[in-house]
Each structure stands twice: as structure tokens, then as C-alpha cells.
Amino acid sequence: MNIIVLIKQVIDVELNLRIKDGALVEDGLNYVISSWDETAIEAALQLVETVGAGEVTLITIGPERASDALRKGLAMGADKAVHVLDSAFDGSDSFAYARGLAKLLETREYDLILAGKQAQDTDAGLTPSMLAEFLGLPQVTNIVKVDQAEEGKMVLHRKGDHGNEVIELTLPAVVSVNDSLNEPRLASLRGIMQAKKKPMETMDLAAIGGDASLVGESGRQTKIISLLEPEARQAGKKFEGSEEETSKQVIDLLLNEAKIFA
Amino acid sequence: MAKILVVAEVKGTEIKKPTLELLSHAKSLNIDTEAVLIGDGVSEQAGILAGYGARKVYLADDSSLGLYNTASSTALVLDAVKQSEASQVWLSASELGRDLTPRVAARLGVGALTDLTKLEVDGDEITAYRPSMSTKVIQKCGFAKEGIRVLCIRAGAFDAADAEPATADVVNLSLPEQDIRALVKEIVTESTGEVDLQEAEIVVSVGRGVKGPEGVDFVRPLAQVLGAAYGSSRAVCDAGWAPHTAQVGQTGKVVAPDVYFAIGISGAIQHLAGMSGSKLIIAINKDPDAPIFKVADYGIVGDLFKVVPILIEEFKKIKEA
């Protein structure tokens with residue numbers, strides 16, 4: 001089974017983020033592979049192991065530093081990587097990224113495209129399904145379990161609103177993963193050494209046959225006007241002491257201050 | 001002229017509350033609003049949608065549509081968009097809505113804005129607000145080009161109004177003919193028929209502090225006495241103590257109820273991202289430094305196994321009074 005995994009390098013959201021004049025303060029930012037993408041890589045590696053044949057190709061669109069995210073995935077065990085590197089993509093939204101990825105992928109052969117259910121920076125979760133539409137492929141989003149996998153067919157569990165939806169999927173297809181699917185492996189030292197020798201192809205917009213009017217700022221459909229601090233929740237009242245007392249104090253507040261049963 | 005098409009969602013044959021919130025808000029904006037209703041045995045619900053402001057309902061009611069599938073719903077919504085000539089499509093940010101939104105938008109050749117918590121609408125000029133980066137940053141965003149506006153809006157962003165008696169003008173959609181390559185065979189319901197997390201006015205959630213499946217059962221009566229939905233942190237779901245459908249958080253369900261009880265939940269950022277929109281938060285945790293206390297309106301530092309029985313007892317008395 002030949003699998004493409006879509007990777008995005010994102011701002012490390014575990015760190016403190018500061019906003020000034022409607023934008024993030026760049027100073028002190030750190031960039032990491034989006035954690036849902038690690039789940040997707042792990043899923044791809046396990047699928048190839050299960051089926052017993054095939055290879056895992058990582059793809060990203062991003063600046064120079066995004067190659068670090070690809071190297072990390074190669075160190076986990078992926079076979080090769082493609083880095084689409086072109087400033088024409090700057091300012092892309094999900095739609096424009098999906099267009100670019102579709103252009104790259106329309107000439108490639110694969111059984112499955114895997115991606116994280118959303119990227120950790122935008123938290124939008126649009127790109128995989130938009131790509132599926134542009135490629136004319138079926139999609140299954142937010143999977144929590146791979147029940148069966150064989151050439152041409154998979155049975156997946158998708159986390160739906162009212163339970164797990166058991167889905168019979170005919171390949172090729174686009175599948176996005178929930179992080180409950182697996183626990184991504186850590187790269188071994190050997191893996192890290194091997195990753196340096198694995199093939200990484202760098203391509204610009206022209207090399208993928210892309211059109212500058214369809215990507216970046218000219219191709220995007222949506223735009224971010226500015227970034228704002230979330231309205232900070234004020235820490236409220238905290239009670240310590242015997243459970244009998246503190247419970248009654250809080251119930252009193254619920255009734256008389258918050259009036260939740262009014 | 002702006003016109004909104006609301007994609008209705010059902011649980012079984014009942015319209016879900018977030019759909020009513022979308023209709024109510026559209027009505028309050030005085031924008032012509034219609035709805036598309038897809039399901040099995042849902043025809044009678046068209047009147048409900050009309051009662052909340054849908055002037056026309058595009059209906060697809062068929063035994064093949066009882067379980068959501070992306071391909072059929074995309075084709076049906078597209079058909080409704082075309083017939084209604086809507087300039088905006090509004091969906092709920094449920095698991096269904098998140099799956100359907102990008103597919104519908106891409107087929108319409110436009111972008112989409114998702115997980116919106118606030119919206120400013122001036123005709124088809126949209127300014128929207130959405131949390132990103134684990135809710136550490138709010139994006140103020142909009143559209144960069146002309147075209148149909150596809151918006152996916154979180155439950156609780158708007159209030160549902162009261163219904164007014166109305167009769168729906170129903171248009172039957174014809175079933176799309178297509179080969180379904182991702183076929184939903186069944187739903188493995190882990191949920192227990194309790195109150196739906198995204199519909200609930202009160203949510204009680206438990207975290208690792210309950211120590212095991214027995215602890216999950218120990219706290220459950222609190223949810224029952226409050227008529228609350230019962231949720232949990234990711235750790236509890238991953239440990240198998242609670243079903244994954246109960247997970248509240250960024251990768252689970254994002255909830256914004258009137259009251260949220262966080263019991264034995266430390267408050268990892270992914271969890272906070274899923275519940276910090278709640279109007280009132282009550283936290284119970286042994287650790288006085290647990291991050292959950294930074295967002296809690298009322299916090300009890302103490303042993304949940306002592307606090308919860310007291311709460312159950314007191315709430316019972318209040319309910320019976």
C-alpha cells in the first residue's frame with residue numbers, strides 16, 4: 001500500500017504566544033510538526049507493516065524550515081519526502097493549499113492520502129476534505145480506529161456525533177486522523193541517522209505545474225484580518241478547607257450568585 | 001440580496017439544538033432563510049424548522065439517508081444551494097458539520113470559515129471570529145473573494161429563540177445517483193442514551209482524578225440529578241473508562257454549556273480549548289495549582305470522592321424543594 005502523508009510544520013502552541021498589533025510576536029516562537037500529523041505518519045507506518053508492502057511518502061508545502069518536520073517523519077520511518085518550497089504559497093488559506101496539493105498529487109500514484117484532522121495552528125481541518133474534492137476522491141475524516149486494511153479496501157471507525165461510524169472505504173481515498181488513533185513512535189537514533197540519507201525532493205510551483213494565480217494571496221478565498229487575544233477568563237473564587245464547608249459554600253454561590261436553578 | 005441556507009442536523013428524527021440556534025440567529029438578522037433537511041423519517045420536522053424561521057425547507061427523506069454519508073449530503077446540499085440561490089450556507093460545527101463544510105465549499109469553488117464563535121453579518125459581508133492555536137489566539141477573519149459564504153458555527157454561539165407556529169413550504173430533493181465509495185455500515189453506539197454533550201445546558205465532566213471506571217460511575221449520579229450531559233477528559237477516554245464520544249476537548253467535543261463541572265480534571269490546554277467557552281465553570285481538584293482553577297469561576301480544592309456525594313445530596317434536596 002503506497003501512502004502519502006500530508007505534513008504541516010506549525011508554531012508550537014504549547015509555548016506562550018504573545019500578540020502585538022494584531023499579529024503574533026515572532027520572537028521566541030518555536031516550530032514543530034503538527035501533532036495530528038505525527039498520528040498520521042504512525043498510522044501510515046502501521047498500515048504498510050500490516051499489509052506487508054508499500055511505501056510512505058511525506059509531503060509538505062512550507063518555507064525552508066519545514067524540511068525539519070519532514071526529517072522528523074523520515075526518522076520515524078517514512079521512506080521519502082517531497083518539500084514544495086515556493087514563496088508564491090505565502091498567505092495561502094486551506095483552499096489554496098488544497099489546490100496546490102491537488103496539482104502535485106494529480107500526477108502521482110498512491111492508494112491512500114493520510115492527514116491530521118486539523119493543523120495545530122489554524123485548527124481549521126479544511127484542507128484534507130477540500131483536497132479530496134479537488135482530486136475526486138472519497139473522504140473519511142476524524143478516524144479513531146483502523147479495523148481492516150487490505151489492497152484497495154479499508155474498514156475504518158470515524159468518530160461521529162452519536163458514536164463511532166463504521167465505514168467501508170474503497171481506495172484510493174483521503175483519510176484524516178484523530179489523535180486517539182495511536183501513540184506515535186519516537187524516532188530511534190538509528191532512524192535519525194538513516195533519515196539524513198533518505199530522499200527528499202524539493203519542488204517549486206513551476207515544478208508541480210502550479211499556477212501562481214491559484215495559490216498564495218491571489219488564490220486564497222478567505223483571509224485573516226487580525227489576531228486577537230482571547231478574552232481572558234477571570235480566575236474566580238477558590239475554596240480550601242473541609243469538603244463539607246467548601247461544597248456548601250459553592251452550592252450557596254450557585255444558588256444565590258450564579259442563580260443556576262432560578 | 002443575501003439569503004441563508006441552514007443545513008439542518010438531526011439525531012434520529014429530532015432536529016438538534018445547534019440547528020435551531022442557527023435559524024434563530026438568521027431570523028434575528030432579518031435575512032431570508034431556508035433550510036435543507038436530510039435524514040430518514042424526518043419529514044415532519046420541516047414544520048419545526050419553519051417555526052424557527054425557515055421559509056422553505058429542501059427535504060431529502062429516505063431510508064438510505066438514516067446514517068450520514070459525505071457523498072450524499074454534499075450532493076443534496078449542493079442541489080439545495082442551487083435551487084434556493086442562497087448566498088450563504090450555515091452549518092453547525094459538529095462532527096457532521098466539520099466533515100461536510102470543506103467538501104461543500106470546495107464543490108462550490110469557495111473557501112469556508114469554521115468553528116466560528118462570533119459573527120458579524122452585513123448582507124454577504126462577513127466578519128467572523130474563531131479560536132485557533134488551542135484557543136490561545138482568536139482569528140478575526142473574512143472572505144477574500146466574491147462567492148457563496150460557507151460558515152461552520154459552533155454550538156452555543158447564538159441562543160435559540162422560541163418557536164412560532166408556522167407551516168413549511170417543502171421542496172423535495174431527488175436522491176443523487178452516485179456510487180458511494182465511503183459507505184457507513186453502522187454506528188457503534190458507545191453512548192448510553194444520556195443527554196447529548198452539545199445540547200446540554202449543564203455538563204459534568206470527569207478526569208483522571210476519578211482513578212478508574214468505578215470513579216466514573218461514582219460521579220455519574222451528579223450528572224443525573226442535574227439533568228446534565230456526562231463528559232470526560234481525553235485521559236479517561238484513552239484509558240477506556242469512558243467512551244470516546246464522551247470526550248470533551250479539542251479533539252473531542254467542543255462544548256459551551258451554561259454550567260460546566262470539571263471534576264478531577266487538571267486542565268490540559270486541549271481540554272480547556274474544548275470547554276472554556278462555558279458560561280460558568282466549577283472545578284473540583286485536589287491540586288490547588290491545577291490549571292483548571294485559572295478558568296474556574298468557583299473552585300473547590302479537595303477530595304472529589306468527598307465533595308461529589310455532598311453535591312448530589314444537596315442538589316437532590318434543591319430539586320425536590
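What pLDDT does chain B average? I am working from a predicted model, so I checked this before anything else. Chain B averages 93, and 98% of its residues score at least 70.

**Entry: α3(A) and α4(A)**

I began inside chain A, with helix α3 (residues 94-105) and helix α4 (residues 127-135). Their axes lie 8 Å apart, at an angle of about 45°. An angle between 35 and 65 degrees counts as oblique, so I wrote these two down as oblique to each other. The crossing is right-handed.

Next I looked up who meets whom. From α3(A) I listed A:Ser94, A:Phe95, A:Tyr97, A:Ala98, A:Arg99, A:Leu101, A:Ala102 and A:Leu105. Facing them from α4(A) are A:Thr127, A:Met130, A:Leu131, A:Phe134 and A:Leu135. I sorted this contact by class and got 10 nonpolar, two polar and one charged residues.

**Entry: α4(A) and α4(B)**

Then I followed α4(A) across to chain B, where its partner is helix α4 (residues 95-108). The two axes come within 8 Å and cross at roughly 40°, which makes this pair oblique. I noted a right-handed crossing here.

On the α4(A) side I found A:Ser129, A:Met130, A:Glu133 and A:Phe134. They meet B:Asp99, B:Pro102, B:Arg103, B:Ala106 and B:Arg107 in α4(B). By class, I have four nonpolar, one polar and four charged residues in this contact.

Terms used
Residues numbered from 1 in each chain as written. Chains lettered and ligands numbered in written order. Predicted model: local features only at pLDDT ≥ 70, side-chain atom pairs only at ≥ 80, totals over all residues. pLDDT = per-residue confidence, 0-100. Axes fitted to C-alpha atoms, helices over the stretch in contact; angles between N-to-C directions. Helix = DSSP H or I, 4+ residues; strand = E, 2+ residues; numbered from the N terminus. Parallel < 35°, antiparallel > 145°, perpendicular 65-115°, else oblique. Left-handed = near helix turned anticlockwise from the far one by under 90°. Contact = placed C-beta atoms within 7 Å. Nonpolar A, V, L, I, M, F, W, Y, C, P; charged D, E, K, R; others polar.
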